[in-house]
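This report describes a single protein model for a reader who is new to structural description. Please keep the sequence and the structure in view while reading.

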Amino acid sequence: MHPLHATTSAPESTNTSVLEEPLELLELARHLGPEERERLRQIEAHAQAHIRHQSIEPWNQETLPLHMLQPLGELGLGELFTGDSSQLFQGLAHAALARADVSFSAIIGIHNELIVGTIESLGSTEQRQRWLPGLKRLTTLGAFCLTEPEHGSDIAGGLATSATLEGDQWHIRGSKRWIGLGTVAEVAVIWARDTADGQIKGFLVPTDTPGYHAQKITHKTGLRIMQNAEVELDLSVPASALMPKATSFAATSEGLRGSRAWVGWQAVGAQQALLDLARSYALNREQFGQPLAAFQLVQTALATMAGNLAVSTALMGELTRLQEEGRLTMLRASLAKATLTRLARESAATARDVLGGNGILSTHEVAKIAGDIDAIYTYEGSYGINMLIAGRALTGVSAFV
Ligand SMILES: Cc1cc2nc3c(=O)[nH]c(=O)nc-3n(C[C@H](O)[C@H](O)[C@H](O)COP(=O)(O)OP(=O)(O)OC[C@H]3O[C@@H](n4cnc5c(N)ncnc54)[C@H](O)[C@@H]3O)c2cc1C
């Protein structure tokens, strides 16, 4: 009998069977073929052995150990999006990374969805040939520059960075904010408004171009490993820097839709880590002469987290089927992203309570994960904006303004 059934079907206190680590409530990986299962196993093993504990000190120090990215390139994580791997494999790989550290999964997610994916689908042959080989090996890093200091949620209408074509040169001027890897990337995908036709267009700009200045944003309470930057732009690039298919804001939408689905997988991985940590702590810490796990309130906390995780995992599993059928709508992606990050936040607060005072120490991981979840609740469209997208689809009424 599956251990989950053994535990749930016989509630008597004599039944002491405990689910084995790693906890896999729905065993989604069983739907993968043997090759992808093995690849996933390697990613999971690497993430747990070489990222999870090794990421705590960099998180405390707000630093990105770049050397930790190289092995991820060797595991194929620089080209998750473009290979022939299944959507389910890609999702489970994102979750496996997030289970070890959410910042590394954010770096890999943005890299695949918004950098490699954007260049692959919108870039010229020359741009693809120049940038993709290094990006796919993760020896080259990219930054996705959309958000601005004065325009976050209203970026589509408000984007103020300008691009003016004079002769065979684009002059790009403006400011960007929150740009992941803005300080360490070699290439930037920059979104700017063409002063000639008012359309938002996408450019590929080497970050050593004179006039590209990035300043690390410090004092973040989440995703502290992932370096975010304020970027000042006052530069000129050849006409060929424009990505030929990135000639309106709609061009970014497909990428953003895929990205929201990927953040759902981050929420799955983070919840898995929270449940692992809270359960292990509850089994090992004794109060009143008993393990915390023996108290009904603590079991309710663990079961609530397990329920959130199971719902999240099931939804993401189903979403990958829709993705494979080309039916991932913005409604589905937004609703999943918003709902799963909300559930992840709830589980983070619950796990933090199970750990008592240790719940606020980053060295016990839960506080680190909770901070990271707070950040993913906001990026790729804030919780509120994703709910408004869902609300508009449900009612036909736009409540944005
Ligand atoms: C850690 C991190 C990494 C990021 N990485 C990148 C990156 O690599 N590249 C990039 O371009 N951007 C990045 N972002 C930016 C991110 O996409 C924005 O933070 C996000 O879109 C929200 O914008 P904002 O922070 O300006 O919040 P605001 O737009 O100012 O929103 C503040 C609050 O107001 C609410 N709100 C806004 N408008 C409405 C409305 N009409 N109705 C109701 N409520 C509303 C929002 O839901 C939110 O709760 C990142 C952000 C973070 C935190």
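## A residue in the interior

Leaving aside residues up to four places away in sequence, alanine 93 touches Leu40, Ile43, Leu77 and Leu80. The model is a predicted one. Alanine 93 is located in helix α5, which covers residues 87-100.

Is alanine 93 buried or exposed? With a relative accessibility of 1%, alanine 93 counts as buried, since buried means under 20% relative accessible area. A distance to another part of the chain can also be given: the C-alpha atoms of alanine 93 and phenylalanine 400 are separated by 34 Å, and these two residues are 307 residues apart along the chain.

## The chain as a whole

How many helices and strands does the protein chain contain? Its secondary structure comprises 13 helices and nine strands. The radius of gyration is 22 Å, close to the 21 Å given by the globule rule for 401 residues, so the protein chain is as compact as a globular protein of that length.

Of the 401 residues of the protein chain, 53% count as buried. Among contacts between residues at least 6 apart in sequence, 75% join residues at least 24 apart. As for charge, the protein chain carries 32 positive and 42 negative side chains, and the centres of these two sets lie 3 Å apart.

## Two annotated regions

UniProt, in an unreviewed entry, lists residues 143-234 as "domain: Acyl-CoA oxidase/dehydrogenase middle". In the model, the chain over residues 143-234 is 51% strand and 4% helix. The end C-alpha atoms of residues 143-234 are 17 Å apart.

For residues 250-394, the unreviewed UniProt entry gives "domain: Acyl-CoA dehydrogenase/oxidase C-terminal". Here the chain is 77% helix and 3% strand, and the end C-alpha atoms of residues 250-394 are 21 Å apart.

## Two glutamates with positive phi

Most residues other than glycine have a negative phi. Glutamate 27 has a phi near 50 degrees, a positive value in a residue other than glycine. Glutamate 27 is placed in the loop between α1 (3-9) and α2 (34-52). With a relative accessible area of 33%, glutamate 27 is partly exposed, because this value falls between the limits of 20% for buried and 50% for exposed.

Glutamate 365 also has a positive phi, of about 75 degrees, although it is not a glycine. Where is glutamate 365 found? Glutamate 365 is in the loop between α11 (330-354) and α12 (366-376). Its relative accessibility is 8%, so glutamate 365 counts as buried.

## A residue in helix α7

Threonine 125 lies in helix α7, which comprises residues 125-137. At a relative accessibility of 47%, threonine 125 counts as partly exposed.

How far apart in space are threonine 125 and proline 244, C-alpha to C-alpha? The two residues are 9.6 Å apart in space, C-alpha to C-alpha, while 119 residues separate threonine 125 and proline 244 in sequence.

Key
Residues are numbered from 1 along each chain as its sequence is written. This is a predicted model: local features need pLDDT of at least 70, side-chain atom pairs count only at pLDDT 80 or more; totals for chains, interfaces and linings use all residues. Side-chain values use heavy atoms; hydrogens and water are left out. The radius of gyration is taken over C-alpha atoms; the globule rule is 2.2 Å times the number of residues to the power 0.38. Buried means under 20% relative accessible area, exposed over 50%, partly exposed in between (1.4 Å probe, protein chains only). Contact means heavy atoms within 4.5 Å. Lys and Arg count as positive and Asp and Glu as negative; His and the chain ends are not counted. The place of a charge is taken as NZ of Lys, CZ of Arg, CG of Asp or CD of Glu. UniProt positions are given in the numbering used here, feature names are shortened, and annotations may be inferred rather than shown by experiment.
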